[in-house]
Amino acid sequence: MIYDVTLNIAYDYPAAVKDARHVLRVRPRELDGQSVRTARVTVAPHPDEAGRELDFFGNALDQLLILPEHEALSVAMRARVEVRRALPDLEATPTIADLAAAAAADRETGPTGPMHFLGDSRIARRIDAVSAYARELIDPAAPAGEAVLAFASRMKADFTFAPGATTVDTPLQEAFAKREGVCQDFAHVMIAALRGVGVPAAYVSGFLRTSPPPGRPRLEGADAMHAWVDVWLGPDMGWQGFDPTNGVTVLDDHVVVAIGRDYSDVAPIDGVVLTAGPQKTSHSVDVVPVGERVRKA
Amino acid sequence: MMRPLALEPAPVPRPSTADATLAAADERPAAGLLRGYRPPAGVFDEAVDADGAVRPHYRALIAALAAMDEPERERRFSSAGQYLREAGVYYRIYGGAERGEDARAWPLAQPPLIIAQREWAELAAGLEQRAQLLEKLLGDFYGERRLISDGVLPPALLGRNPEFLRPLADQAASGSPLIRFIAVDLGRGPDGRWWVLGDRTQAPSGSGFALENRVATSRAFPDLIRDLKIQRLAGFFQRFRETLNALDDGRGARVGVLSPGPHNETYFEHAYLARYLGFLLLEGGDLAVHGSSVVVKTVDGAKPIRVLWRRLDADFADPLELHARSRIGTPGLARAVRAGAVEMVNALGSGILETRALLAFQPALARALLGEELRLPTVATWWCGQEAERDYVSKHLERLSIARAFPQTVEEEEHRRPLDLGMRRAPSDRLLDDLANDPASVVGQELVGLSTAPMFVDGRLEPRPVTLRVYLARHANGWSVMPGGFARVASSTDPLAVTMQSGGRSVDVWVTSDRPERPVSLLEATSGFARRLPSAPPARAADNLFWLGRYVERAEAATRLVRLHAARLAEGERRGALEAEVGELLAGIGVDAALGDPAEGLLRRVRAAFETASRIRDRFSPDGWRVLRELVDLIERRLERDETDDLPGLASEVLIRLSGFTGLVRENMYQFTGWRFLQAGRLLERGQLTARLAAALTRDEPPEGALEALLEFADSRITYRRRYSVTLSRETVIDLIVLDPLNPRSIAFQVNGFKTLLDELPGMRRGETPAAVSRRAARLQVRLATADPAELSHLFLARVAADLGDISDLLGEQFFSAAPTARGERPEAE
């Protein structure tokens, strides 16, 4: 599947700001099963400095500096991305117990090493209630792939997708207690739950196709940037995506932008501006398939 | 000073005055001072051996103390205490009963902890080896990470470590040491051996306090320090300063101390060390990243800086790539570090070495990294991420201290105790819960029964548990140890409860020597000298100096008005129009006499000045700061005793102290850019307040007594009588208070003085296009010089007051906003 992806982010400041520094994490990543044909980022006002780097996890960073006074900031990202992921055999995975043991012993120190995704991170922290929820739902003797997919579907059933119920700052406990939130909350709850039973889990930010194929339901969270979870399924299978908001494995509807331990590693835009009062932000996403859908063999 | 001392022959005892008195004391060691001195059973005592005999290196001290009568001891101790008070040594304490956060005077106890030279040499050798181990360990974490991939360390120690900073994961590639100044916490066990309790590598505190302890203690015991040939600390710092200066490749102006700011527990120390070492005291907001360099935002534009001694926790250092919520960091700093633009001492991420779980793998680490055994043992530690260890810890809870395996993140309470040494006996419920549910986050550590050292309690020596923090610095060719340290004594005899927050105290640490040391002072120039002007102050410091000037002047004006107000009421004058005008003016500067005790308003004004001064303690003398603190104390005491009915008396005392501050600033402060901002603040504030008062009191029908009040406020009665031997007239009073360029209280005098200062500020050179602030000030000068007192209305005066407000704003825009944008023309708000 080939998509044309458009992301627009806009900030309106209550008073003019200057000397603003930002980091953007908005460009789709090059990955197995995902190749980026073109990606272009435009920023207004025009940055005085702009640099591109890859972070520890291999995500693309755009570093910006805007010196003159400005009252608004807009970021546009346009990309054409081809996504062809293989259907994973979730049955052929180690048991949860074996997986946890393998993960704890794994010595890969690079960005794909499970060691980075087992402990508390800034937002996704171990919480007793969440760990209990995971222990109740996840059978240590079950094949990990199946158990994780079942957990993701169960989350979709137990939790209400409720835009506006939470904000970026809502603590994980609160979203979990209310059993509602947006894709970010779903992803953080699932990450905390899996790590609580020793399964390495990563936060993925990205895009979801906006227009469903004929006869299929519209997916939740498609009009904004989306978030889901990558789960390590052992040294053989490696990382596989699961989307707890929609209760599915990640196949060709998802376009990966950035992978990290939780939202704080992959926030699409971070920045420091000195300004008083609330700022207005808006953001919109379009993910449109190019041409005809080609059925994968 | 590598480690030659260990190889020297035993020192030959030489007679000295201290030794002469020793024999007598030695015969009856328990007499007097040591009567009843009984260390707990099974504990090593620093001063007395198992048989109760005074150890040789303590004999001179005990003898000398015994030879003093109690008043003399008291006198000596209080001279140390007086030094600390005068120097304004303090630390912040969190969670105080009512105030939440409070600055406490420094709790120095006596006598010092003494360590004999031979023992110290052995300890130092062990510490140097430890520093090498830590340096290599950090190099591996931020380099190849072989210790993990080869299986020397479990993966979780890196993977779930909050101090492993991924944005800097490869920073060791440059090969330069990532740590250059560290501390090691030590305790001495019952067998007499020193044990490592923990490593401090993030931003080790206490070395500045150790220096101050030494200065204070030398006031108390100058003779003993000389006779015992106590090793000096200055050489260590001198070398460290030279090392940091050498790291600067010449592009940077100076070395900076990067501080979290005045709310930090050890801010005093940051300011003290910056002043002592001649470094620039900086906060995150003073810095910016431009292109590939880090710059200091100064009043003279952006100046590059290459070396930062970091006292700010790494997570706060860069809101873009580290903690996004940090408001005290510098956006882009992590990227600048990656680009090699700035040398961080210690590197961002060096806090990973403070991970307690690492103490469970010491022998393996030493073999892997150094190929040798550790000379200095570390406290026995079990990391509960391993099954056997967890079982052991769970079964022996009563014998162990349970603690966090990983460094605490900024949100956690334990994080805010930089001066805590030692261990805790009772684990919290949270820790026990984690031991059951997340064992990898917990370690068990053997409870070390700390040694005791003698400490004066109610005039007698008592044994108190002691811990020792020792400092090491990395020089071009290796590590060296500060010959001394920061020792903490517990307030109780519980050998585990050594913490500053709960009433512990600190003592100086003396390392003896067998030969006198040549005094080294940081003031000595090594090779000639060139007189250099100080570099431009950071914009924030200049801003604070300017506001300090304004606040001090405002406090003075408020005090004069309160005195005026109170005196007239006391003389039985009715509350009339004049009182109303003065009351309104007072309310305008935050002293609302109608609403409450005016003394409370004065306190607020004086506090504003004191707090501003506290933010820039590195920039002026401790005396000036102390005067302001005494002022706060003075008014607080009055309010507590509820003796505020004597307002004129209080006002006079406040005025005398404020003039003391002014005098100190005028006589003692180096009269360069920083001083100019302080003066500019005073002049603008005085001009503006005088203009406002004059406008209020010279309306068409001024209230009764208005002209006298104006003269009184401007302290110009005598001048008036001398210059105009006539009765008061509106015209002559206005002439003197507003226009007379020779009256140091007139508005014209303030404006002229301000303009002169302004012309000396960076970027204000003659011949260049004048900045907006300069043009406005010049125009006001002319207006005042050409005004006719007869035609001068209160509207004119109100306009002058508004002009001075605008000039203050323009000055701020010109110098304090410090954005790197070109300083273009700004629209004039007229």
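**Domains, contacts and confidence**

Modeller: Happy to! This is a predicted model. In it, 27 residues of domain 1 of chain A are in contact with 22 residues of domain 2 of chain A.

Colleague: Which strand gives the most to the side of domain 1 of chain A that touches domain 2 of chain A?

Modeller: Three strands of chain A, β1 (2-17), β6 (70-83) and β15 (280-289), each supply at least two residues to that side. With seven residues, the one that gives the most is β15(A).

Colleague: Is Thr42(A) buried or exposed?

Modeller: Thr42(A) sits in strand β3 (residues 34-44) of chain A. Because Thr42(A) has 11 C-beta neighbours inside 10 Å, it counts as exposed.

Colleague: Good to know. Now chain B: how many contacts does the stretch of residues 1-30 have beyond near neighbours in sequence?

Modeller: Chain B has a mean pLDDT of 84, with 85% of its residues at 70 or more. Over residues 1-30 of chain B, though, the pLDDT is below 50. Beyond near neighbours in sequence, the contacts of this stretch in the model number 42.

Colleague: Finally, what ipTM does the model score?

Modeller: There are two scores to give you here. The pTM is 0.86, and the ipTM is 0.94.

Note on methods:
Residues numbered from 1 in each chain as written. Chains lettered and ligands numbered in written order. Predicted model: local features only at pLDDT ≥ 70, side-chain atom pairs only at ≥ 80, totals over all residues. Helix = DSSP H or I, 4+ residues; strand = E, 2+ residues; numbered from the N terminus. Buried ≥ 20, exposed ≤ 12 C-beta atoms within 10 Å, placed from the backbone. Contact = placed C-beta atoms within 7 Å. pLDDT = per-residue confidence, 0-100.
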